Amino acid sequence: QVQLVESGGGLVQAGGSLRLSCAASGGIFSSYAMAWFRQAPGKERQFVARVTKYSVSTSYAASVQGRFTISRNNAQNTLYLQMNSLKPEDTAVYYCAAGSKYTTAAEYDYWGQGTQVTVSS
């Protein structure tokens, strides 16, 4: 059983930056593909970014491509999301996820509790 705990969310002005972290425990971190999703009020959970087990491949939603960067440190069991040039439409609860399948669908096996990101205009 893997436990995931996100941190780093907060309130930021448009154009600003935040770095989210996701600390994993209870499993072999390097055996999982990892991803970030987000969910705004009244909307479905949306794929943001994903990374393979050893960071060979990454991919991003079109809406964040070029502004967000996903990375992981397997030695420290931590996943990151660097978010630059933030926009009000990036406001959402951000979730990290771990799973055996490298996918953009919300089909990951383990999920964190989420961290709120609010971008003011």
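**Exercise 1. The partners of β4**

How many bridges join β4 to β9, and do these strands run parallel or antiparallel?

Solution. The model is a predicted one, in which local features need pLDDT of at least 70 and side-chain atom pairs count only at pLDDT 80 or more, while totals for chains, interfaces and linings use all residues. Residues are numbered from 1 along each chain as its sequence is written, and side-chain values use heavy atoms, with hydrogens and water left out.

Step 1. Strands (E, at least two residues) and helices (H or I, at least four residues) are DSSP runs, numbered from the N terminus. Two strands pair if DSSP finds at least two bridges between them.

Step 2. β4 and β9 are joined by 7 bridges and run antiparallel. Within this pairing, Gln 39 is opposite Val 93 of β9.

Step 3. β4 is also joined to β5, by 5 bridges and again in antiparallel fashion. Here Ala 35 has Arg 50 of β5 opposite.

Step 4. The hairpin of β4 and β5 has 6 residues between the strands, and Gly 42 takes a positive phi near 75 degrees there.

Step 5. Burial is read from relative accessible area: buried means under 20%, exposed over 50%, and partly exposed in between (1.4 Å probe, protein chains only). By this rule 6 of the 7 residues of β4 are buried, and the strand is mostly covered.

**Exercise 2. The open sheet**

In which order do the 4 strands of the open sheet stand?

Solution. Step 1. The order is β1-β3-β8-β7, with antiparallel pairing.

Step 1. β1 (3-7) and β7 each have a single partner strand and stand at the edges, so one side of each lacks a neighbour in the sheet.

Step 2. For the angles, axes are lines fitted to C-alpha atoms (for helices over the stretch in contact), and angles run from 0 to 180 degrees between N-to-C directions. With direction ignored, neighbouring strands of this sheet are turned by 15 degrees against each other on average.

Step 3. Inside the sheet, β3 and β8 run antiparallel and are joined by 6 bridges. Arg 19 has Gln 82 as its bridge partner in β8.

**Exercise 3. The disulfide**

Which residues does the disulfide join?

Solution. Step 1. A disulfide is taken as a pair of cysteine sulfur atoms within 2.5 Å. The structure holds 1 such link.

Step 1. The link joins Cys 22 to Cys 96, with an S to S distance of 2.0 Å. Cys 22 belongs to strand β3 (residues 18-25) and Cys 96 to strand β9 (residues 92-99), so the pair ties together parts 74 residues apart in sequence.

Step 2. The angle about the S-S bond is 45 degrees, and the link of Cys 22 and Cys 96 is right-handed.

Step 3. Cys 22 is buried at 0% relative accessibility, and Cys 96 is buried with a relative accessible area of 0%.

**Exercise 4. The largest nonpolar core**

Which members of the largest nonpolar core touch the most other members?

Solution. Step 1. A nonpolar core is a set of buried Ala, Val, Leu, Ile, Met, Phe, Trp, Tyr and Cys residues joined through side-chain atoms within 4.5 Å.

Step 1. The largest core has 36 residues, and those touching the most other members are Leu 4, Trp 36, Leu 79, Leu 81, Met 83 and Tyr 94. Two or more residues come from each of β3, β4 (33-39), β5 (46-51), β7 (68-73), β8 (78-83), β9 and β11 (115-120).

Step 2. Contact means heavy atoms within 4.5 Å. Not counting residues up to four places away in sequence, Leu 4 touches a set of residues including Cys 22, Met 34, Cys 96, Tyr 110 and Trp 111.

**Exercise 5. The whole chain**

How many helices and strands does the chain have?

Solution. Step 1. There are 0 helices and 11 strands.

Step 1. Of the 121 residues in the chain, 45% are buried.

Step 2. Among contacts with a separation of 6 or more, 57% come from residues 24 or more positions apart.
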